Each structure stands twice: as C-alpha cells, then as structure tokens.
Amino acid sequence: MNRMIQIKTSIHDRFSVEFKINFSGQEQHHHLFKMNLWLFVPNSLNINAATYAKDQFYRDVKSNVRLKTPVFTLEQMADPDSVPVKCLKQALAHYESDSSKYSDLEFHVKMYVAIFKSALRDETRALQSQEQSQLTDDRVRGYLDAIRQITSHYRTVMATFAERGDDLDPLAVFAMGDEYMSHLAELHATRLLRHTDKMGLAHDDPERQMIADSVAAEHQYKIAHGYAHFNADSVAESRDMFQRQNTLKKYVESALYLKSDTGPDGAAAQQLTFSVAAGIAMLVSMLIALPFQKYLGQYPTLIFIILVIAYMLKDRIKEYARNRFAHRLKAHYFDMKSKVFFRGKKVVHIKEGMDYIGDDKIPAEVLRARHRSALDNSIPLEQAMLYRKQVDIDNAALREHYEYSYDGINDITRIHLQYLTLKMDDPMTTISVIDETENVRMVEVPRVYNIYIVLQCTVEGTTEYYCFKLMTSRNGIEACVEA
C-alpha cells in the first residue's frame, strides 16, 4: 500500500482534535494530494446548514502547512562539520558581507534550534524507553556530551559575531535561539531525571547524578544570561517563563511554517456567471415589456403596471439563475484557495471546501470505513459534513530555496468541537442497578456522544481510508481512538 501519506492524530485540548498529515517529498516536480474529511455528527446535536453554517465551520478549523523538520541525531549535530553548523556559519558570513541577508541569517538560526529540538526529543524518548540496566554511564554521558557540543557550536558562532560589532538585530536573534536551546536542554534533562526516579535509581547513582548536574548547570546559565527561568518561590516569574518559552517555540518553528495568501476560489468564474444570470433576467424582462409598450402605448398606467411586473420577474429570474449557476460551480470549484510561500516563493497551492452531504451521496467506501452497525443503518442517526482539501506541492521550487535535505511537508488540521457540544446533555447520568446482594444502588454513568471522522486520502491514483472515533461529552473530548 502507498505510504507517501502518514497520519498522526492527537487530542490538542479538551475541545479540539488535531490531524497531522505527512506528505513525503518525491523526485517529481509536482505532487497533487487530495484529502476528504468526512465528519459524522449525531443528529441529536442539531447540526445542519441552518444551525452551523460554512463560516462557522471555517472559524472552527485551523489549517497550517509546514516543512518536515530535517532529521539529524544528536550525535550528527554534535559534529562541527554537520549540515546545520555549516549552514549557520555560512548564513552569518553572507550577512556580514551583505546586510540584506538578515532574513536568511534569521532563518538558519531558527532552523538550527528547530533541528536541535527534534533531535533532542527523539533521543530523550529513546532513553526513556530503556530498561534500568540499559541506561548505562556511556549512554547518558554521550547524550549529555552531545547536547553540550551542539550548544557550544551555536554559542561559539554567537560569541564570534558579538565580538565583531554591535549589530543589535542579529544579536537579539542569536540570543532568542540560545535561550530556547537552554530551555530545551534543561527541560529534556529534567524529564530524563524524572524517568530515572521512576525506575528507582538512587540519588547518588552516577547516571542520575550526571543528569542532575546538567540540569543545574543549564539553570545557572539561564540566570547568568538573564533568560527566563523557573522560580519555585515566585508564581509570577514562573508564569512569565512559561509564556516566554511558548512564544520562543512559535518563533523558532515559524521557519518551518509556510505563509499563505487565502482568498475565495473561482471568484472570476462566479462573477462571470452572475453577470450572465443578470443578462438572462434582463433579456426576459425586455421580451415581456417591449411588445406591450408597442401595442398599449396609449395606456400609460397599464404600461407602468406591466413594467413593474416585468421588473419583479427579472429579479426572481436573476436569483433563480444565480442559484442554478452557483450549484453547478460547486462541482468545479472550492470555497477557498491559498497560495503558500516559502522564503518569498510560491511552493504550495491549496484549495478547501465544505458541504453537508446526504447518505445517498456518500461513497460506499467511506461508509464501509465508517463501520456502521445494523442499528446505525436502521434509522438516520447522523449528519455528515464533508471538508475537502487539495494540496499541490511544487517540489522543485522547494528544493531550489531549501539548503537542507527536503523530505516533504506536514499538513496540520485542527478541528475545534466546542460548538458541537452545546446541545449535549449532562456529562453524567444516574441509573439504578441491582448488586450481588440484590440491593438497588444508584450508579453514575458517563454520557458520551460518538463523533466519527473518516479521512479519505488520495495520491497518484491510490486512495487510503482512516476512521477515528471521538468520544465526546459536554466537558469536551474524552478519547480519540482509531475505529
């Protein structure tokens, strides 16, 4: 089966679910991916075109396109001749010879930190998956040494630039990257330290002590450089630190997110068809009015009444023609289209559309993926919504402006479901049961509503289906499982 598409789903918060769709990069110049997201909502929630319009749906859907983070291990990044280190040094050299290259320098600073973040996350997870006997001194020492070397490469470049002048903008960029790297190093070492505690390692264990020393050293580094840091004695300071790190995270990852310019799809065709509709209506009104004017010219009052009637018919004919044309346009156009840019060049073209679909219009393959039971099919229990997305990737343009190995893009779609929960009943209900002693007890039982999402993904003529069940209540999403 085609694996150019990979899907990860997660609960982002109480009321939203996120789908990360990975489109792998290939050698072809262009790749066209199509995704249909079918949302099956219980009819009892009263969701339909009248109560939940397209504008509301698009407010509840957030879609981002980003490059996949280049894959490097910590060991690879620790090499002074690694690609991230070389790109960072080259970007700085280009900026020093031409100050107009500032945006390129900022991009490579962000990329260095983003690659470090990804590599550090993967290595920390790998260590957390080890048994106690496998968490050896060499393994932990190699992990911590790699972090020190990677941050040292970065800080050496930053210090070298700082010695050459007082250009504040690049210094601020370097400082923000350094602060976030320091935060990441401390955060992941702390997580690993917590893992050793769960495994029962003593505080004087050599592996645990090395990790604890690393956390303490990074914390002191943040204090010495005036970076935001956690303070157990100050709620305000810790709050500000958390907000600061979230902002830095968005700043660093902005190098991977692609900017888009969004507008309505088929706007020119729509205006043209509406003009044709107006022309047809005018023609009909003139065909009605002119003969009467010719033969009833001596009756001005009657001519006036006929002209009013002709105008009324013209208005209704125009609206009817507009609706008919608009219905036919829907089959060929989407609601919106986006031009996605990377470093000023258009690299991705996206189209999106949303409609309510009756069961008779849903493909049999989608219904099979939905796995309806005999009871589900016996009565109309669901309203189906279709969210369509078409992604056209210009791989050649991406490679032309991207110094790293291009491996594809991630389309991240987040659906906010709070509006769908408004008419749900109380999240808990009470039922009577008889226990083993034949006494009647009142038991609280969770009340959930199942919302099904079927993803239909097509690339190069191959279609794959994925079905997920969201167990929701008025309190939000309780669970998300693959159905």
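**Exercise 1.** Which residue takes a positive phi just after α7? Then describe the helix itself.

*Solution.* Keep in mind that we're working with a predicted model.

- Step 1: step off the end of the helix. Just after α7 comes Gly226, with a positive phi of about 75°.
- Step 2: go back and size up the helix. α7 covers residues 206–224, so count 19 residues; from first C-alpha to last, α7 reaches 27 Å, close to the 27 Å expected at 1.5 Å a residue.
- Step 3: check the N-terminal end. Asp205 caps α7 there, with a side-chain oxygen 3.0 Å from the backbone nitrogen of Glu207.
- Step 4: pick out the buried positions. Among them are Glu207, Met210, Ile211, Ser214, Val215, Glu218, Tyr221 and Lys222.

**Exercise 2.** Find Arg66 and work out what its side chain is doing: which side chain does Arg66 make a polar contact with?

*Solution.* 

- Step 1: Arg66 sits in strand β4, which spans residues 61–67.
- Step 2: look for a charge partner. Arg66 is buried, and the nearest side chain of opposite charge belongs to Glu253, 4.4 Å away. A salt bridge needs the nitrogen and carboxyl oxygen within 4 Å, so Arg66 has none.
- Step 3: The side chain of Arg66 makes a polar contact with the side chain of Thr69, at 2.8 Å.
- Step 4: list the neighbours from further along the chain. Setting aside residues within four places in sequence, Arg66 touches Glu253, Leu256, Tyr257, Leu258, Ile409, Asn410 and Ile412.

**Exercise 3.** Start at strand β12 and trace its pairings. Is β12 largely enclosed or open?

*Solution.* 

- Step 1: check burial. Nine of the eleven residues of β12 (residues 449–459) are buried, so the strand is largely enclosed by the rest of the structure.
- Step 2: find one partner. β3 pairs with β12 in the antiparallel sense over eight bridges, and Phe40 has Tyr452 of β12 as its bridge partner.
- Step 3: find another. β13 (residues 462–473) runs antiparallel to β12, joined by eleven bridges; here Ile451 stands opposite Leu470.
- Step 4: inspect the turn. β12 and β13 make a hairpin with two residues between them, and Glu460 in that turn has a positive phi of about 50°.
- Step 5: carry on to β14 (residues 476–482). β13 and β14 pair antiparallel over six bridges, with Glu482 as the bridge partner of Phe468. These two strands also form a hairpin with two residues between them.

**Exercise 4.** Take Asn46 and His371. Where does each sit, and is each buried or exposed?

*Solution.* 

- Step 1: read the backbone angles. Phi of Asn46 is near 55° and phi of His371 is near 60°; each is a positive value in a residue other than glycine.
- Step 2: locate the loops. Asn46 lies between β3 (30–42) and α1 (54–59), while His371 lies between α11 (364–370) and α12 (374–378).
- Step 3: sort them by accessibility. Asn46, with a relative accessible area of 32%, is partly exposed. His371 has 53%, and the cut-off for exposed is over 50%, so His371 counts as exposed.

**Exercise 5.** How many helices and strands does the protein have?

*Solution.* Count 13 helices and 14 strands.

Conventions: Residues numbered from 1 in each chain as written. Predicted model: local features only at pLDDT ≥ 70, side-chain atom pairs only at ≥ 80, totals over all residues. Heavy atoms only, no water. Helix = DSSP H or I, 4+ residues; strand = E, 2+ residues; numbered from the N terminus. Buried < 20%, exposed > 50% of the residue type's maximum accessible area, 1.4 Å probe, protein only. Lys, Arg positive; Asp, Glu negative; His and termini not counted. Polar contact = N/O pair within 3.5 Å; in protein donor to acceptor, adjacent residues only side chain to side chain. Contact = heavy atoms within 4.5 Å. Pairing = 2+ DSSP bridges.
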